[in-house]
Amino acid sequence: MTLRFRFSNTDMITTAGVAMRPLEINDAGGTFERVGQPGITEAFSHQELAEMMRRPDTTYFAGYFDRAAQQIRRSKPVEVISELPEKVSRLVIWRKAFCDAFLALEAAGDIKRTQEAYDQARARLGAETQRLVGEAAAAPKKARPGEEITIRGIPGSRTAFQWVRAYQASSYSPLALIPDTYRSGTRDRRWCPHAEALMNQVVEIYADTQRPTRVQAIKETQALFKEENRRRADAGAAPLVIPSASSIQRRLDMADPFYLYAKRHGAAAAAAHFTLFSIGPDVVRPIERVEMDENRLDVISLLTLTGIWSHLPRERQERFETGRRWLYIAIDCATKCVVSMRLAETPNSDDAIRALRDIFEDKTHLAQAAACESTWHHHGGIGTLVSDMGPAFVSDDFQGTVSSLAITAHLPHAGRPWLRGFIEVILSHAGASAHAIAGRAHVFPYRGAR
């Protein structure tokens with residue numbers, strides 16, 4: 001299947017050092033004019049465009065010739081958010097979330113551009129901004145009761161209206177929110193890998209058909225630590241720090257509610273208890289809407305059911321560290337093709353960004369390495385990216401990358417899985433157990449586009 005790219009007259013493509021601007025895109029291909037050489041045009045078929053976009057010396061600039069984008073480039077020192085210092089980029093991402101929250105409330109009729117209406121809606125505007133930016137969710141640890149929490153204060157009405165006007169005038173580019181004065185003037189792991197693996201066992205202990213209580217699951221998990229420390233004492237090794245009941249409780253709270261309900265009551269009961277799918281958005285083009293999510297699974301079960309475990313040497317099996325990993329997965333809503341899958345040890349923005357990058361790349365070499373019968377060529381530029389409020393997705397690094405790629409990002413409210421129905425259906429069927437994921441992981445990427 002030949003990919004068909006959508007270009008605007010304001011875009012620019014640079015390949016082999018030659019900059020070109022799209023003039024016309026039709027069923028046969030596209031006609032491009034060289035930048036700085038009016039009247040010099042070249043025609044490419046869709047196949048030639050697809051091969052060109054795969055070349056490492058090809059760069060695509062969305063909206064490069066847009067008037068608002070040119071004004072921003074003249075007034076701002078960088079072209080993408082990721083080039084800014086971390087402190088400044090976090091501020092810009094927060095300002096973008098504030099403007100998005102303001103425009104959303106304004107569209108709903110809950111706020112107006114008057115000082116009186118703004119003052120009345122300050123509390124709701126601040127809460128909506130905090131939800132969109134997700135700084136609290138992405139924090140390394142939750143605040144204890146009574147602990148001080150630093151939250152950015154929303155600006156006054158005059159400054160707020162200036163930000164919103166600049167944001168709209170720049171075609172909603174976050175670069176317009178870079179402060180003009182920005183040039184003036186512990187995340188360490190709390191537990192060792194072995195302790196992490198034992199703490200994760202609380203999920204499996206609680207997710208049992210006997211339906212133990214949370215207190216029982218926590219006590220059994222602490223008993224695992226005590227048993228492990230006895231073995232370590234006999235071997236002369238240092239003991240593990242036994243986590244408190246509240247720490248294990250927080251780890252259990254992180255588990256997928258559908259997974260726990262399905263393990264305790266059955267998959268049918270879980271499907272009836274949770275709303276899994278709605279009609280969903282109307283999409284007609286590939287990669288027009290991509291839904292992305294993360295799911296935790298057992299690695300050894302996955303390796304066993306896919307046949308990889310049996311091919312590992314025995315000494316490698318003995319050294320393999322038990323535990324669970326996180327699967328980042330993205331699906332194209334138009335074709336129902338999985339366009340990215342990546343395993344990570346813990347939810348983090350770096351692996352989420354790598355999974356996002358895979359959506360833009362041809363992954364056929366991975367399919368060939370796995371001896372698959374079909375290619376995994378499904379890739380392209382994203383129109384809208386929809387994810388949940390996971391810490392990796394709301395992190396400044398991930399949101400900055402999404403903004404730099406000129407992708408429209410949607411972060412639906414938590415607890416409403418039907419707003420991301422396509423990816424939730426996959427994870428509800430394949431995420432109920434690691435066994436199901438192992439059985440489905442090699443199927444979804446190879447379904448052909450409609």
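This is a predicted model: local features need pLDDT of at least 70, side-chain atom pairs count only at pLDDT 80 or more; totals for chains, interfaces and linings use all residues.
Mentor: Start with the elements. Helices (H or I, at least four residues) and strands (E, at least two) are DSSP runs, numbered from the N terminus. Residues are numbered from 1 along each chain as its sequence is written, and side-chain values use heavy atoms, with hydrogens and water left out.

Trainee: How many helices and strands does the protein have?

Mentor: There are 19 helices and 10 strands.

Trainee: What share of the residues is buried?

Mentor: Take the cut-offs before the count. Buried means under 20% relative accessible area, exposed over 50%, and partly exposed in between (1.4 Å probe, protein chains only). Of the 450 residues in the protein, 44% are buried. Total area is another reading, from the Shrake-Rupley method with a 1.4 Å probe; for residues, only the protein chains shown count as cover. The protein exposes about 24500 Å², and carbon and sulfur atoms supply 50% of that.

Trainee: Back to Lys336. Is it buried or exposed?

Mentor: Lys336 counts as buried because its relative accessibility is 17%. Check its backbone too. Lys336 is not a glycine, yet its phi is positive, about 65°.

Trainee: Where does Ile287 lie?

Mentor: Ile287 sits in the loop between α11 (267-273) and β6 (289-298). Ile287 also has a positive phi of about 65°, and it is not a glycine. Its relative accessible area is 6%, so Ile287 is buried. Compare a glycine: Gly266 follows α10, with a positive phi near 105°. Within α10 (residues 257-265), the buried residues include Phe258, Tyr259 and Leu260.

Trainee: Which residues is Ile111 in contact with?

Mentor: Contact means heavy atoms within 4.5 Å. Beyond its neighbours within four places in sequence, Ile111 contacts Phe102, Leu105, Glu106, Ala117, Tyr118, Ala121 and Leu125.

Trainee: What about Pro243: where is it found?

Mentor: Look in the loop between α8 (214-235) and α9 (245-253). Pro243 is buried, with a relative accessible area of 2%. Neighbours within four places aside, its contacts are Trp191, Met199, Gln222, Phe225 and Ile248. From Pro243 to Phe225 is 18 residues in sequence and 8.5 Å in space, C-alpha to C-alpha.

Trainee: On to charges. How many salt bridges does the structure hold?

Mentor: The general idea: side chains of opposite charge can pair when their charged atoms come close. A salt bridge is a side-chain nitrogen of Lys or Arg within 4 Å of a carboxyl oxygen of Asp or Glu. The structure holds 19. In one of them, Arg124 pairs with Asp110, the closest N and O atoms being 3.0 Å apart. Arg124 is in helix α5 and Asp110 in the loop between α3 and α4 (115-120), so the pair ties together parts 14 residues apart in sequence.

Trainee: How do I read a pair inside one helix?

Mentor: An α-helix has 3.6 residues a turn, so residues three or four places apart point the same way. Here, Glu227 and Arg231 both lie in helix α8, four residues apart, about one turn. They form a salt bridge, with the closest N and O atoms 3.2 Å apart. Glu227 is partly exposed at 37% relative accessible area, and Arg231 is partly exposed at 45%.

Trainee: Which residues does Lys363 touch?

Mentor: Residues up to four places away in sequence aside, Lys363 touches Val339, Asp358, Trp376, His378 and His379. Lys363 is in the loop between α14 (349-358) and α15 (364-369). Lys and Arg count as positive, Asp and Glu as negative; His and the chain ends are not counted. Lys363 is buried but has no salt bridge, and the nearest side chain of opposite charge, Asp362, is 6.4 Å away.
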